[in-house]
Amino acid sequence: MALLINSKCINCDMCDPECPNEAIYMGEKIYEIDPNKCTECVGHYDTPTCVSVCPIDCIKPDPNHKEDLDALAEKFLRLTGQDK
């Protein structure tokens with residue numbers, strides 16, 4: 001499942017540099033996560049780094065983009081060009 005940043009975000013800039021997939025970007029008002037790039041850090045780290053550095057706990061699972069571990073791993077391979 002991809003992650004999302006909810007409206008509690010204070011734009012602290014902690015999450016953006018931590019994302020290995022460059023899925024986090026500044027939206028119109030708050031940071032947002034591109035669900036097509038978010039792998040919850042599968043393939044990179046044991047846990048999502050954005051969640052671990054967020055000081056206000058505003059990064060949650062995105063109910064509109066449910067993916068199991070296998071799907072996240074496949075996305076990681078596709079994003080990194082290792083799916084060949």
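The largest nonpolar core of this predicted model comprises 16 residues, among which I5, C15, I24, I33 and I59 touch the most other members. Such a core is a set of buried Ala, Val, Leu, Ile, Met, Phe, Trp, Tyr and Cys residues joined through side-chain atoms within 4.5 Å; buried means under 20% relative accessible area, exposed over 50% and partly exposed in between, with a 1.4 Å probe and protein chains only. Strand 1 (3-5) and strand 3 (31-33) each supply at least two residues of this core. Beyond its neighbours within four places in sequence, C15 is in contact (heavy atoms within 4.5 Å) with I5, I24, Y31, C50, V53 and I59.

D62 is buried but forms no salt bridge, the nearest side chain of opposite charge being K75 at 9.0 Å. A salt bridge requires a side-chain nitrogen of Lys or Arg within 4 Å of a carboxyl oxygen of Asp or Glu; Lys and Arg count as positive and Asp and Glu as negative, whereas His and the chain ends are not counted. With neighbours within four places in sequence left aside, D62 contacts M1, A2, L3 and L4.

D68 is partly exposed, because its relative accessibility is 48%. A polar atom of the D68 side chain lies 2.8 Å from the backbone nitrogen of A71. The C-alpha atoms of D68 and V42, 26 residues apart along the chain, are separated by 11 Å.

Residues are numbered from 1 along each chain as its sequence is written, and side-chain values use heavy atoms, without hydrogens and water. Local features need pLDDT of at least 70 and side-chain atom pairs count only at pLDDT 80 or more, while totals for chains, interfaces and linings use all residues.

Technical notes:
Helix = DSSP H or I, 4+ residues; strand = E, 2+ residues; numbered from the N terminus. Polar contact = N/O pair within 3.5 Å; in protein donor to acceptor, adjacent residues only side chain to side chain.
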